[in-house]
Structure formats: structure tokens, C-alpha cells
Amino acid sequence: MAKVIGHVTVNVERCKGCALCVESCPTDTLSLHPTDVNIRGYHYVYMENPDACIGCANCGLVCPDGVLTVYRKRIKE
């Protein structure tokens, strides 16, 4: 059976740090950056635990600004 891994890319400059994606992530992959801010002064989201991402796309669905793109890849075990 193939395993699915995911990856989330973030448009950092458009992210307003609402954290809806962080709350919707079932694997605690995403987090708001604790120190860095974007050009608008918001702490942006990033993949804190990239190995945990399953590509479920919950984060992309709840993002009000559409700044997340979710990729899924099947790998053979």
C-alpha cells in the first residue's frame, strides 16, 4: 500500500496570521512563526513539523486569503 506525504507552501507576504490553518491541522504540522514577521507586520504560518504533513488540505480549505497551497505525493513503502 502506498503512503501519502504532504507539503504546504505559504505565500508569506499575504499571510495575516489568523491561525485558522494551525487550528485545523490534525497533525500539528503548522505553526505561526514565533519571531519573524512579513512586510505587513504579521507573524506568518510555516511548517514547523514538515514530516507530519499528510496532505489533507484542511489548512488550505479554511484559509480566508488563499495563501496556502497543499501538495500530496504517494510514495511506495
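Ser31 is buried, because its relative accessible area is 17% and the cut-off for buried is under 20%. This holds for a predicted model. Ser31 sits in strand 2, which covers residues 30-32. Apart from neighbours within four places in sequence, Ser31 is in contact with Val22, Tyr44, Val45, Tyr46 and Glu48.

Val70 belongs to strand 4, made of residues 68-76. With a relative accessibility of 23%, Val70 counts as partly exposed. When residues up to four places away in sequence are not counted, Val70 touches His7, Val8, Gly55, Ala57, Cys59 and Gly60. Val70 and His43 are 27 residues apart along the chain, and their C-alpha atoms are separated by 20 Å.

The two residues are set out below.

The whole chain contains two helices and four strands, and their order along the sequence is β-α-β-β-α-β. The chain has a radius of gyration of 13 Å, close to the 11 Å that the globule rule gives for 77 residues, so it is as compact as a globular protein of that length. The C-alpha trace spans about 45 × 20 × 20 Å along its principal axes.

Of the 77 residues, 29% count as buried. Among contacts between residues at least 6 apart in sequence, 60% join residues at least 24 apart. The accessible surface of the chain is about 5,100 Å², and carbon and sulfur atoms account for 51% of it. The chain carries 8 positive and 8 negative charges, whose mean positions lie 12 Å apart.

Key:
Residues numbered from 1 in each chain as written. Predicted model: local features only at pLDDT ≥ 70, side-chain atom pairs only at ≥ 80, totals over all residues. Heavy atoms only, no water. Buried < 20%, exposed > 50% of the residue type's maximum accessible area, 1.4 Å probe, protein only. Contact = heavy atoms within 4.5 Å. Rg over C-alpha atoms; globule rule 2.2 N^0.38 Å. Areas by Shrake-Rupley, 256 points an atom, 1.4 Å probe, with all protein chains shown as cover. Lys, Arg positive; Asp, Glu negative; His and termini not counted. Charge placed at Lys NZ, Arg CZ, Asp CG, Glu CD.
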